[in-house]
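Thanks for coming. I will go through one model today, starting with a charged pair and then moving to the chains.

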Amino acid sequence: MHSYLVLRVVAKLLMPFIMLFGLYVQFHGDFGPGGGFQAGVIFAAGFILYALIFGLKDAGKVLPRGILRFGIALGVLLFAGVGVYDMLVGGKYLDYSVMAQDPVHGQHLGILLVELGVGITVTSVMVMVFFTFARHRQTKGDD
Amino acid sequence: MAAVGLYNYWIVVFLMMAGFYIVIAHDNLVKKIVGLNIFQASVFVMYITFGKVQGGTAPIIADGVTTYSNPLPHVLILTAIVVGVATTALGLALVVRINEAYGTIEEDEIHDQDDDT
Amino acid sequence: MSLTVFGILRIRNLFAVVMLGSIFSLMAAAIFVILDAVDVAFTEASVGAGISTVLALGTIALTTDREKKPSHTKILPLIVVILTGAALIYGTLDLAHYGDPNAPAHRHVAPSYLKEGPEKTGIPNVVTSVLASYRGYDTLGEVTVIFTAGVGVILLLGNWRHIGRRREDEDA
């Protein structure tokens, strides 16, 4: 792996910006283009780049398989949980207006949380799918 | 005027048919999935074309802008793209498993093997 | 764009096909920007040109990158495709013209989304507010589909036997 020095340096330089851009897209999605789906795929692309260049082992240290599995479920649960919470505090399912003092703030908070859930699930699924494909090849090589 | 107004749809039809042709005429499973993706992309282009309004801008509310494109198709296609890649991944995973089970990803060879057993 | 598709049609080297597919996605993203769908273009560029290409390359690495010459005739599929295409072209003649502000699609719920969305949710990006709030159920369903697809891939390729064996080793 040492022969790809240029790739490693460039990737290392790019990684923080990709992550920062992903976060920006995630949380600025209310005002500009962006949102959970887009941010999710940007994060995933960043991690996949990392895994391609530094190898699966190092990427696995950054994002262990357990965390990814947890994240896949966590995102969906967060989304559905927001809906359940709305019911508990007296609204309809996924009716964010009741989440804060006035409806506009409630809507804003609800959308933010839901987008976060979407982002977590999309990132985890994409990275997990890539890792699964790549690990499959490795173990097949062993046999 | 009619030709200009409908040009986008004709491109969509061409892409859709090209994807359809790849799916039905080729035996290779990976190529079939690429064909499905082209088919899918043509549908995306069609929806976004529906959403376009002449003189409008992207549907992000800003001062001094009165015309916006229709946001609804954008929402539908946004989710459809991500779901599309997830299902594509599932399809590719199935192809990998088929390759392990049969040793080939050509459809007719798989049928031949099934007939033999 | 059409040229790329023609290339995909003809080339039998799957590696080149996947790369052309990536270029195709990038061009689709450019078209989405022209058609005012910035959010969609964003997603298409990172998904189509990035992730799905990597996954397809992974599949090719696991299988083979050569497509065999098709054994049966190609004339019947070609006829079917041309007939279907002609029917679809005939259908497009009735569609609203490109950019027509009076098209039925723009008269149903879209005006109310554009008008009320920012007031009710305080969010200027209408795509986001419709996605997460007005169509919350839909989006929940989509996320569930992604979740299910991810679980499916893990089940199919997740080397469960391998993991089980390792656990047994640890127990012993």
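How does E100(B) count by relative accessibility: buried, partly exposed or exposed? E100(B) comes out as partly exposed, at 32% relative accessibility. For the cut-offs, buried means under 20% relative accessible area, exposed means over 50%, and partly exposed is in between, with a 1.4 Å probe and protein chains only.

Some housekeeping. This is a predicted model, in which local features need pLDDT of at least 70, side-chain atom pairs count only at pLDDT 80 or more, and totals for chains, interfaces and linings use all residues. Residues are numbered from 1 along each chain as its sequence is written, chains are lettered from A and ligands numbered from 1 in the order in which they are written, and side-chain values use heavy atoms, with hydrogens and water left out.

Back to E100(B). Its partner in a salt bridge is R97(B), and the closest N and O atoms are 3.8 Å apart. The criterion for a salt bridge is a side-chain nitrogen of Lys or Arg within 4 Å of a carboxyl oxygen of Asp or Glu. Searching the whole structure over all chains gives one salt bridge. R97(B) and E100(B) are separated by about one helical turn, because they are three residues apart in helix α3 (residues 71-102) of chain B. Helices here are DSSP runs of H or I with at least four residues, strands are runs of E with at least two, and both are numbered from the N terminus. R97(B) is also partly exposed, with a relative accessible area of 38%.

Staying in chain B, there is a negative surface patch made of D112(B), D114(B), D115(B) and D116(B). Patches take residues with over 30% relative accessible area and no salt bridge, joining like charges within 9 Å and nonpolar side chains (Val, Leu, Ile, Met, Phe, Trp, Tyr) within 5 Å. Asp and Glu count as negative, Lys and Arg as positive, and His and the chain ends are not counted. The place of a charge is NZ of Lys, CZ of Arg, CG of Asp or CD of Glu.

Now chain A. It has four helices and zero strands. Of its 143 residues, 48% are buried. Chain A exposes about 6900 Å², with 72% supplied by carbon and sulfur atoms; areas come from the Shrake-Rupley method with a 1.4 Å probe, and for residues only the protein chains shown count as cover. Among contacts (heavy atoms within 4.5 Å) in chain A with a separation of 6 or more, 61% are between residues 24 or more positions apart.

The surface of chain A carries a nonpolar patch of V84(A), Y85(A), M87(A), L88(A) and V89(A), with about 480 Å² of accessible area together. Y85(A) belongs to helix α3 (residues 65-88) of chain A and is partly exposed at 40%. Elsewhere, H108(A) is in helix α4 (residues 103-142) and is partly exposed at 22%.

Last, chain C. It has eight helices and zero strands, and 44% of its 172 residues count as buried. Its accessible surface comes to about 8700 Å², 65% of it belonging to carbon and sulfur atoms. Of the contacts in chain C between residues at least 6 apart in sequence, 44% join residues at least 24 apart.
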